[in-house]
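Have the model open while you read.

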Amino acid sequence: MEYGSIERELHIEASPEVVFEVLSSPEHIREWWSAETTAFEPAAGATGRLTWTDQDTGGHQSAPFTVVEVDPPRMFSFRWTYDETETEVAGPGNSLLVTFELAPAGTGTTVRFRESGYRERGWEAAVLEAHYNDHRQGWDFYLPRLVATADRLAAAR
């Protein structure tokens, strides 16, 4: 297996504007990604933190992120899973890049999702495979929740 990137295509029965809001708003990120996030502006260079709480143990897992590109309502991308102790900013080689491309499709939106940068991290094979599989399973769980959140928001408007 290549472990180069994770890619999915989704259809959401909501406008690109609604989908973009769900992707870039802390309130909605909390709903579909189950992550508390610090307040951030959906603007290139903005930073924030995602924090997940294990309901069984109360333990926390946290990851910083940096917004890379924002083009409402067509594109939202960010870098994450980088070491905060590094003095450099998140970039190729030290983080993963998540990109959501949105395109109108009938009465809804086609979302092209991609998370890349696994091989560029320089992880040994076993670590690369473990991270890739963990993220693949995670996105397979959370992306349908993104669809449901956007559908609910669109229906409420």
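Is the crossing of α2 and α3 left-handed or right-handed? The crossing is right-handed, a word used when the near helix is turned clockwise from the far one by less than a right angle. Keep in mind that this is a predicted model, where local features need pLDDT of at least 70, side-chain atom pairs count only at pLDDT 80 or more, and totals for chains, interfaces and linings use all residues. Residues are numbered from 1 along each chain as its sequence is written, and side-chain values use heavy atoms, leaving out hydrogens and water.

The axes (lines fitted to C-alpha atoms over the stretch in contact, with angles from 0 to 180 degrees between N-to-C directions) come within 8 Å and cross at roughly 130°.

| Helix | Residues in the contact |
|---|---|
| α2 | His 28, Glu 31, Trp 32 and Trp 33 |
| α3 | Trp 139, Tyr 142, Arg 145, Leu 146, Thr 149, Arg 152 and Leu 153 |

Trp 32 also touches Val 22, Leu 23 and Phe 100, among others, not counting residues up to four places away in sequence.

Now for Ala 35, in the loop between α2 and β2. Ala 35 is buried, with a relative accessible area of 0%; buried means under 20%, with a 1.4 Å probe and protein chains only. Among the residues it touches, not counting those up to four places away in sequence, are Ile 29, Leu 50 and Trp 52.

Note on methods: Contact means heavy atoms within 4.5 Å. Helices (H or I, at least four residues) and strands (E, at least two) are DSSP runs, numbered from the N terminus. Buried means under 20% relative accessible area, exposed over 50%, partly exposed in between (1.4 Å probe, protein chains only).
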